[in-house]
Amino acid sequence: MRTRLHHIGLIVLGVLLGVAISLNYSAVAQREAPKSLPIEELRAFTEVFGRVKSDYVDQVDDRKLITEAINGMLTGLDPHSAYLDQEAFKEMQVGTQGEFGGLGIEVGMEDGFVKVVAPIDDSPASRAGIKSGDLIVRLNDAAVKGMTLNDAVKRMRGKPNTQITLTIVRKGEAKPLVVTLTRAIIKIQSVKSKLLEPGYVYFRVTQFQEHTGEYLAREIERLFKANQGPMRGLVLDLRNDPGGLLNGAVAVSAAFLPQGSLVVYTDGRTDDAKMRLNANPEHYLRGRGKEDYVKRLPPELKTVPMVVLVNSGSASASEIVAGALQDHQRAVIMGQSTFGKGSVQTILPLNNNTAIKLTTARYFTPNGRSIQAKGIIPDILLDDGSSERGAALRLREADLTKHLIGDAKEEKPAPEASGRKFDFTPAPRPKDLDDKATRPEPGEIVSKDDYELNQAVAFLKTRSGAKTN
């Protein structure tokens with residue numbers, strides 16, 4: 001038996017060495033001082049592998065064992081690194097195009113359970129009242145504990161018009177909530193807009209996708225033409241926007257900033273992870289020969305008074321935009337502190353149509369503030385009503401296990417807001433204002449009872465000298 005285990009171990013060790021080579025281990029090692037492979041740890045791994053092969057109660061396929069080992073290696077790093085099998089890799093590519101079948105929620109892992117980062121607008125999840133911070137503990141009759149995030153996402157996605165039952169634990173609720181959702185084709189309309197009243201326009205970015213910059217530019221042109229008279233105020237709504245593609249964040253920022261302004265920079269261990277992205281076409285246009293849609297936008301877009309709405313569901317690319325506009329003092333940030341996902345995930349395709357999603361860098365705002373686990377602090381804080389509901393909506397990156405700290409060298413204090421002072425006192429949030437009351441009516445973009453939006457417009461009117469209602 002020991003001879004057989006030793007033989008298996010040697011085979012597996014050879015496989016692992018081959019994998020290391022195929023993943024350019026030697027190329028990575030050349031960037032640092034040469035290091036030897038951890039032979040003792042690899043020997044321990046092969047011994048465990050051999051024991052599972054020989055003694056486990058059921059026979060297990062070699063491929064499954066290796067795949068699970070890779071999964072464990074990556075998920076043990078941080079909440080956002082992951083192994084993407086062929087199906088997950090394909091779904092990820094489809095998702096960035098803005099259409100897929102499922103429930104419409106951005107999720108992460110927390111203590112082995114699926115945690116909701118934000119529901120996507122106009123999706124089955126948002127219509128059913130799924131909230132940021134909800135903990136999904138069962139999918140139909142299957143317990144989530146023990147699943148990988150990819151496994152859970154696969155179960156939630158599926159053919160349109162099929163149903164799935166979620167069991168949800170929500171802070172402030174005495175008992176788990178059981179919700180049955182009907183899957184649908186999730187066509188994410190990443191930009192929505194409305195002329196609120198003459199002189200005041202509203203733009204909502206629900207997620208940063210491949211064409212978000214173009215869609216925003218189109219809506220800006222349309223509403224600026226539709227407005228009668230001078231433009232007095234603009235609201236950019238990034239609430240519950242879970243992020244998306246980096247070039248989309250740069251494009252949205254470039255619409256409101258002078259050309260060449262620094263939007264974000266990244267810092268990591270490799271040269272590829274050190275980037276400085278500016279409001280220049282080469283940093284937001286994907287592909288050569290494309291028209292620069294930002295260039296044709298009305299010039300007053302760079303100066304019209306502007307408010308950016310954020311909350312704890314604003315993550316990643318949303319925080320990049322909010323941080324850039326805040327640091328350049330182009331907009332006033334209003335709402336609640338953001339999620340704090342300031343890490344860069346790079347998709348590294350492998351040679352078998354799979355990939356790894358690996359955290360490779362941290363984001364920093366133009367003034368050098370780390371977003372990771374800290375988020376963007378608004379210039380004007382608004383009550384989100386969570387004080388009466390046990391802070392149920394306050395899920396943030398810092399709440400996730402194994403989250404990265406904001407700086408690679410030391411944990412720094414949370415950043416303060418921009419330091420700007422404004423002569424504006426928000427109206428108290430109505431105590432009877434619940435989520436249902438603030439949902440838009442069918443066919444509407446926003447609700448007339450949207451507290452945060454109403455405060456944003458009231459603030460803009462103080463800047464333009466207009467009277468508030």
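I looked up Tyr 265 and found this residue partly exposed, with a relative accessible area of 21%; buried means under 20%, exposed over 50% and partly exposed in between, with a 1.4 Å probe and protein chains only. The model is predicted: I take local features only at pLDDT of at least 70 and side-chain atom pairs only at pLDDT 80 or more, while totals for chains, interfaces and linings use all residues. Residues are numbered from 1 along each chain as its sequence is written, and side-chain values use heavy atoms, with hydrogens and water left out.

**Aromatic pairs**

I searched the whole structure and got four aromatic pairs. Rings of Phe, Tyr and Trp (its six-membered ring) pair if their centres lie within 6.5 Å; planes under 30 degrees apart count as stacked, over 60 as edge-to-face and the rest as tilted. One of the pairs is Tyr 265 with Phe 364, stacked at 5.3 Å centre to centre and 15° between the planes. Tyr 265 belongs to strand β13 (residues 262-268) and Phe 364 to strand β18 (residues 355-364), so this pair ties together parts 99 residues apart in sequence. I list Phe 364 as buried, at a relative accessible area of 9%.

Next I took Phe 424 and Phe 459: the centres are 5.4 Å apart and the planes at 80°, so I log the pair as edge-to-face. Phe 424 is in the loop between β19 and α12, and Phe 459 is in helix α12, so parts 35 residues apart in sequence are tied together. Both Phe 424 and Phe 459 are buried. With Phe 422 they form one aromatic cluster.

**Charges over rings**

I counted a charge as over a ring if NZ of Lys or CZ of Arg is within 6 Å of the ring centre and within 35 degrees of the ring normal. The charged end of Arg 276 sits over the ring of Tyr 265, 5.7 Å from its centre. Lys 461 lies over the face of Tyr 200, 5.7 Å from the ring centre.

**Sheet**

I traced an open sheet of six strands, ordered β10-β11-β12-β15-β16-β19, with mixed pairing. Strands pair if DSSP finds at least two bridges between them; helices (H or I, at least four residues) and strands (E, at least two) are DSSP runs, numbered from the N terminus. The edge strands, β10 (191-197) and β19 (380-381), each pair on one side only. Strands β15 (residues 306-310) and β16 (residues 332-335) run parallel and are joined by four bridges. I noted Ile 333 in β16 as the bridge partner of Val 308.
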